[in-house]
Amino acid sequence: MDKYRKRRAVAVAHEMVDLLAEKGYITYYAENVEEARDKVLELIPKGASVGVGGSETLKAMDMINILRNGDYHFFDRYQEGLPFSEVEEIYRQALLADVFLTSSNAITRQGQLVNIDSSGNRVAAISYGPRKVIVVAGVNKVVDTLDDAMKRLRQIAPLNAMRVHHKAPCVETGKCMDCQIQQSVCNSVGIINHGRKTPGRFTIIMIADEIGF
């Protein structure tokens, strides 16, 4: 990121930290992925059970390896060779985790967290279940309105379909085709309006960089 885009990213990240705090979330600023990773590890107690949502942001932070090798009870959805039936069971177990770690597909300037899923496990865990939810997001996830968020979900659909190796039409066309098939990655949409319902449940770390889809 060049110095001009970085300067803008810093400004947006600080803006969102303040705005989201006013919406009832616990918020932190991170200069980069390294700072974000350090803050996440500071927030997760040793011995805690931890679930994760599918996320390129978490991969950029190397969080999967850290959780695997750390002093945590990690619901590891990324184990190689697992049949999907066992992965689904891990999804269910993660709904009762002490901490659920994820990113968000979009964050509006009205304080809404907007997410779309194939199986719905991430949307479900963000909404209810885990005692704590930690959301880590780069400034590229910030949009003005809910309509802009829904537009962003459609724009990133092809990337997410490729990420999970789904044979959805958007993989070939490069744009959302509003498909109605089992291989769609756009089956469940979740919107969190604010963090006030359960004080302290949501923590959002805004990274002054463009990370993930």
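Q: Which residues does Ala48 touch, not counting residues up to four places away in sequence?

A: Contact here means heavy atoms within 4.5 Å, and by that criterion Ala48 touches Asp71, Tyr72, His73 and Asp98, once residues up to four places away in sequence are left out. Please keep in mind that this is a predicted model, in which local features need pLDDT of at least 70 and side-chain atom pairs count only at pLDDT 80 or more, whereas totals for chains, interfaces and linings use all residues. Residues are numbered from 1 along each chain as its sequence is written, and side-chain values use heavy atoms, with hydrogens and water left out.

Q: Where does Ala48 lie, and is Ala48 buried or exposed?

A: Helices (H or I, at least four residues) and strands (E, at least two) are DSSP runs numbered from the N terminus, and Ala48 lies in the loop between helix 2 (33–43) and strand 2 (49–52). Buried means under 20% relative accessible area, exposed over 50%, and partly exposed in between, with a 1.4 Å probe and protein chains only; Ala48, with a relative accessible area of 5%, is buried. As for its distance from another residue, the C-alpha atoms of Ala48 and Tyr28, which are 20 residues apart along the chain, are separated by 21 Å.

Q: How many bridges join strand 2 to strand 4, and which residue stands opposite Leu101?

A: Strands of a sheet pair through backbone hydrogen bonds, either parallel or antiparallel. Two strands are taken to pair if DSSP finds at least two bridges between them; strand 2 and strand 4 run parallel and are joined by three bridges, with Val52 standing opposite Leu101 in strand 4. Strand 4 is also joined to strand 7 (residues 132–138) by four bridges, again in the parallel sense, and the bridge partner of Leu101 in strand 7 is Ile134.

Q: Which way do the side chains of strand 4 point?

A: In a regular strand the side chains alternate between the two faces of the sheet. From strand 4, Val99 and Leu101 point one way while Phe100 and Thr102 point the other way, and all are buried.

Q: Which residues are buried in helix 5, and what covers them?

A: The buried residues in helix 5 are Val87, Ile90, Tyr91 and Ala94. They lie on the same side of helix 5 because they cover an arc of only 105 degrees around the axis, the arc being that of the directions from the helix axis to the C-beta atoms. What covers these buried residues includes strand 2, strand 4 (99–102) and helix 6 (121–127).

Q: What is the strand order of the open sheet of four strands, and which helices lie across strand 5?

A: The open sheet has the order 8-5-6-9, with mixed pairing, and its edge strands are strand 8 and strand 9 (188–192), each of which pairs on one side only. Strand 5 and strand 8 pair in the parallel sense over two bridges, and Ile107 has Val142 as its bridge partner in strand 8. Axes are lines fitted to C-alpha atoms, for helices over the stretch in contact, and angles run from 0 to 180 degrees between N-to-C directions. Helix 1 lies across strand 5 and strand 8, running at about 65 degrees to strand 5, while helix 7 lies across strand 5, strand 6, strand 8 and strand 9, running at about 25 degrees to strand 6.
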